[in-house]
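This report looks at one protein chain.

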Amino acid sequence: MANLRIKLVKSLNGRLDKHIATANSMGLHKIGNETVQPDNPQTRGKIAKIGYLLQVTEEARSGGGVRIGFEGGQMPLARRIPKRGFNNIFAKPFESINVSALDKFSDGDVVDAKALLDAGILSSCRYGVKILGNGEISKKLTVKASAFSETAKEKIEAAGGKAEVI
């Protein structure tokens with residue numbers, strides 16, 4: 001025989017005396033109290049009397065249950081969230097800095113990820129550095145990075161430096 005898990009979800013204050021007595025006979029005295037009762041006509045009768053105060057669920061049975069993400073007929077979260085584009089879960093994003101940040105270094109320096117970290121321009125460098133072309137550079141530097149934008153490469157070489165891809 002199956003069991004029913006019964007939870008009192010509304011207050012007994014101001015209810016009819018016979019409804020309070022029915023709840024007390026089931027062991028439900030305060031909001032949030034739970035009890036497990038056998039699924040028989042007597043229990044169903046009590047639930048019918050004070051069902052508006054209760055939340056009733058069946059105990060787990062073998063083979064039962066619903067699929068992951070099922071929300072009881074409500075539109076599931078995975079379908080409510082807007083989807084657009086493509087998100088590559090294997091992407092290794094580069095840290096990006098602009099050419100203007102390289103002006104901190106002195107003329108003739110070799111600039112790589114370690115030098116950028118030591119200078120405080122980058123806080124972390126997990127997968128590599130990409131140099132972008134925003135700003136101007138006036139010093140002759142040898143820049144070693146994972147990737148360069150076309151304009152960044154042109155600006156570094158126009159200043160007399162070298163852009164080397166690691």
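## Phe94

Which residues does Phe94 touch, not counting residues up to four places away in sequence? They are Tyr127, Gly128, Val129, Lys130, Ser146 and Ala147, where contact means heavy atoms within 4.5 Å.

Phe94 sits in the loop between α3 (77-80) and β4 (95-98). Helices (H or I, at least four residues) and strands (E, at least two) are DSSP runs, numbered from the N terminus. Phe94 counts as partly exposed because its relative accessibility is 39% (buried is under 20% relative accessible area, exposed over 50%, partly exposed in between; 1.4 Å probe, protein chains only).

## Basis of the model

The model is predicted: local features need pLDDT of at least 70, side-chain atom pairs count only at pLDDT 80 or more, and totals for chains, interfaces and linings use all residues. Residues are numbered from 1 along each chain as its sequence is written, and side-chain values use heavy atoms, leaving out hydrogens and water.

## Helix contact

In α1, Lys18, His19, Thr22, Ala23 and Ser25 meet Lys46, Lys49 and Ile50 of α2.

## Overall fold

The protein chain holds five helices and nine strands. Their order is β-α-β-α-β-α-β-β-α-β-β-β-α-β. The C-alpha trace spans about 95 × 35 × 25 Å along its principal axes. Of the 166 residues, 26% are buried. Among contacts with a separation of 6 or more, 57% join residues 24 or more positions apart.
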